[in-house]
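Keep the structure open while you read.

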Amino acid sequence: MPRTSRIAVPAALFLALSACATHAPEPDRPLKAALTTPTDAVLTWHDDRPGVAGHVLEFATEEDGPYTVLQYLPRQVTTYRHPDLIPHTAFHYRLRSYSGPTSAPARADRTDSIRFTWTDESDDEDGFLLEIRGKGATRYEPIAVLDPDITSTELATLPGEKRASYRIRAFVLGERSNVVRLTTGE
């Protein structure tokens, strides 16, 4: 049965969906991490595989988790800065690729929001990403993560977002990368 979701946050915020499927690590696509200050980490990776739409970056303070999603990132993004970490703490990071088809959702503009609807044509998605391409932008960026089987959502908009282009992506999570560990200083 189709379900509805309502997003009542600015589009600049990401909603986190726990990435819970388990797969073997991707040994040939290593994630790397370094401290740039005692409490700031920078993560880098490279992934030129065809079909990869983006990545989900996760962290935990224990190697076995639980892991928390930091951000869903478009394919072109290959670095992430995680600032202001807790001093004297171990942080574990891993990366997961995602892929899946996109479609243009139907949209109904309202005074301070946009309502999107679409048809769920997939039976194995891990969820849906609502993606935005702002006026003058060259690529889409994820702005919201929705559960599987959702077929509509409402987005509270910021000024200028009504003129943006939107699409919906049914996504499937890929394999996990290696886990990297950093211990903060100070």
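Here is a short tour of the nonpolar cores and the salt bridges in this predicted model.

Let's start with the greasy part. In soluble globular proteins, nonpolar side chains tend to be buried together. Here, the largest nonpolar core has 16 residues, and the ones touching the most other members are L31, L43, W45, L57, Y80 and Y93. Strands β3 (40–44), β4 (54–60), β5 (68–74), β7 (90–99) and β15 (180–183) each give two or more residues to this core. The largest share, three residues, comes from β7. Apart from this core lies another one of 15 residues, including A144, I150, A164 and I168.

Now for the charges. Side chains of opposite charge can pair when their charged atoms come close. A search of the whole structure turns up eight salt bridges, and three of them are listed here:

| Salt bridge | Closest N and O atoms |
|---|---|
| D109 and R107 | 2.9 Å |
| R110 and E154 | 2.8 Å |
| R169 and E131 | 3.1 Å |

In the D109 pair, D109 is partly exposed at 46% relative accessibility, and R107 is partly exposed too, at 33%.

R110 sits in the loop between β9 (106–109) and β10 (113–117), while E154 is in strand β13 (residues 150–156), so their pair links parts of the chain 44 residues apart. R110 is partly exposed at 40%, whereas E154 is buried at 8%.

What about R169 and E131, buried or exposed? Both are buried. R169 lies in strand β14 (residues 165–176) and E131 in strand β11 (residues 127–133), so this pair ties together parts that are 38 residues apart in sequence. Salt bridges with shared partners also join E131, R167 and R169 into one network.

Methods: Residues numbered from 1 in each chain as written. Predicted model: local features only at pLDDT ≥ 70, side-chain atom pairs only at ≥ 80, totals over all residues. Heavy atoms only, no water. Core = buried A, V, L, I, M, F, W, Y, C linked by side-chain atoms within 4.5 Å. Buried < 20%, exposed > 50% of the residue type's maximum accessible area, 1.4 Å probe, protein only. Helix = DSSP H or I, 4+ residues; strand = E, 2+ residues; numbered from the N terminus. Salt bridge = Lys/Arg side-chain N within 4 Å of Asp/Glu carboxyl O.
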